[in-house]
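Hello,

Here is the structure I promised to pass on.

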Amino acid sequence: MDARQAAELAARTSYGRLVAYLAASWRDVARAEDALGDALVAALETWPQSGVPEKPEAWLLSVARRRLIDGARHASVAAATTDALRIVVERAQEEASMDVQFPDERLKLLFVCAHPAIDEGIRTPLMLQTVLGLDAAAIASAFLVSPATMGQRLVRAKTKIRDAGIHFDLPEAHELPERVEAVLEAIYAVYGTSWDDVAGADARRRGLAEEAIYLGRLVVGLLPDEPEAGGLLALMLHCEARRPARRDADGRYVPLTDQDVARWSTPLLKEAEQILHAASRPNRPGRFQLEAAIQSVHAARAATGRTDWDAIALLYEGLLRCAPTIGAHVGHAAALAETRGAAAGLRALDAMPAAVSAYQPYWALRAHLLRAVGRGDDARDAYGRAIGLTEDGAARAFLVAQAAAVR
Amino acid sequence: MKYTVLVYETETDFAARTDAKRKDAYWGAYRAYTKALTDAGVMAGGAGLQPPAVGTTLRHRDGKRRVQDGPYAEAKEQLGGYYVLDVPDLDTALEWAARCPSASTGAVEVRPNLS
């Protein structure tokens, strides 16, 4: 492995840990990131000559700390000249050879990113940048925002963390559940952006699914007693297991109920089941455990050849009680349509709150059910709405074909 | 605020408009998209354009006129039409632009209109 690869590997595996540690001790995320960025530049410049240090992580940490100290002294972190860096590197060389142990502060950083004082819309991007080191342009694409705007929003959020003095502490016991939920929501949003992309053609998005699962594993590891963390991880793994089956050999969209179970990933399904089982042991159900349980019922079709829609409908009822999202309402209606018929499903859709006009899955299900009860004109109308709201090309083609088949 | 969504299509997209097998899907998708914009009350204008080969480009240089058949520049993706949206901000404009059928085949560009 050459010096560049070594630096990239160190950055990839340790980025979040290093930023978290530096940010927690300096209470300034932006400066911690800048300092680590400088340290990575210094690594790329010096490692090819001096060789890769024995403990790359300690080396980077030491250089970054020096940068922070120098920055505090001169109050100009941005003016990093190569000469200044070289001096820093020399000093760091000695320190890095010592055995530097530093605590894993990533959990605190996750809680800071999902702090109630931080605007909800920026929590997930903030996590992707600070914990995973993703650049603003990649994050912007995932969230459908212009890269310049995303950059500004991230800077603003970090300034707020510093200026508002948001603490890098673990939440108090009484506020823990709510704060954990905010962290899990933000991680789920990472996965959500990759899941919307049915085609899976965009490599960067497929990458985001992996990042979400990485974060999910991280939180399960850091919060082993939090069943919802396990619930979220199981949910993501279940969805991930089915990713290959969402398109047929010709690249066409395949709805869940028509998927070839042979194309589901058995190892991922097994892992999801184990994690969900472990999470449900303390008997503290929650939104993510319920959603994972719904996916688990779907997954059982691989073994039994049938889908237990009664169980799914029941789980959705539980989900509606604890997290009545628009998606849960639509899922519940779909399950009712399977157990009690299309008319029952339509009644459930009709009873939904009004904020559905731009929600694509609502219109896709509605169209499907209208077609099933023989209301052809209404079905065509609803398919039109669904098609007009669809982003993914494969899903659009599927709906266009469905609409054309309405009699 | 008004934004113009420039719809860039590939040669395959342009061909789909008249291809017996694909034209229903092509026009169905655009009709549905246009209707979704109208229903949401964000549609403020627009037009579909005939293929670039039908275009004529004109330049005035050194007192001479130069007229040429075809588009301004040869490119893989050519302007196929545009929508003018009236939405509160760029985020909303991008949200709608992402649903434009050409986003998954060619490209869409979103530009704020000069006001």
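**Helix α2 of chain B and its surroundings**

The buried residues of α2(B) pack against α19 (376-388) and α20 (393-404) of chain A, and within chain B against α1 (11-16), β2 (43-48), β5 (78-86) and α3. Here, contact means C-beta atoms, placed from the backbone, within 7 Å, and helices (H or I, at least four residues) and strands (E, at least two) are DSSP runs numbered from the N terminus.

This is a predicted model: local features need pLDDT of at least 70 and side-chain atom pairs pLDDT 80 or more, while totals for chains, interfaces and linings use all residues. Residues are numbered from 1 along each chain as its sequence is written, with chains lettered from A and ligands numbered from 1 in the order written.

Among the buried residues of α2(B) are B:Tyr26, B:Tyr30, B:Tyr33 and B:Leu37 (buried: 20 or more other C-beta atoms within 10 Å of its own, C-beta atoms being placed from the backbone). Just after this helix, B:Gly41 takes a positive phi of about 70 degrees.

The contact between the chains takes 18 residues from chain B and 19 residues from chain A. α2(B) gives the most to chain B's side, with eight residues.

Chain B also has an open, antiparallel sheet of four strands in the order β2-β5-β1-β6 (strands pair if DSSP finds at least two bridges between them). β2 and β6 (107-112) of chain B are at the edges with a single partner strand each, so one side of each has no neighbour in the sheet. Four bridges join β2(B) to β5(B), and B:Ala47 stands opposite B:Tyr82 in β5(B).

Best wishes

Key. Two residues are in contact if their C-beta atoms, placed from the backbone, lie within 7 Å. A residue is buried if 20 or more other C-beta atoms lie within 10 Å of its own, exposed if 12 or fewer, and partly exposed in between; C-beta atoms are placed from the backbone.
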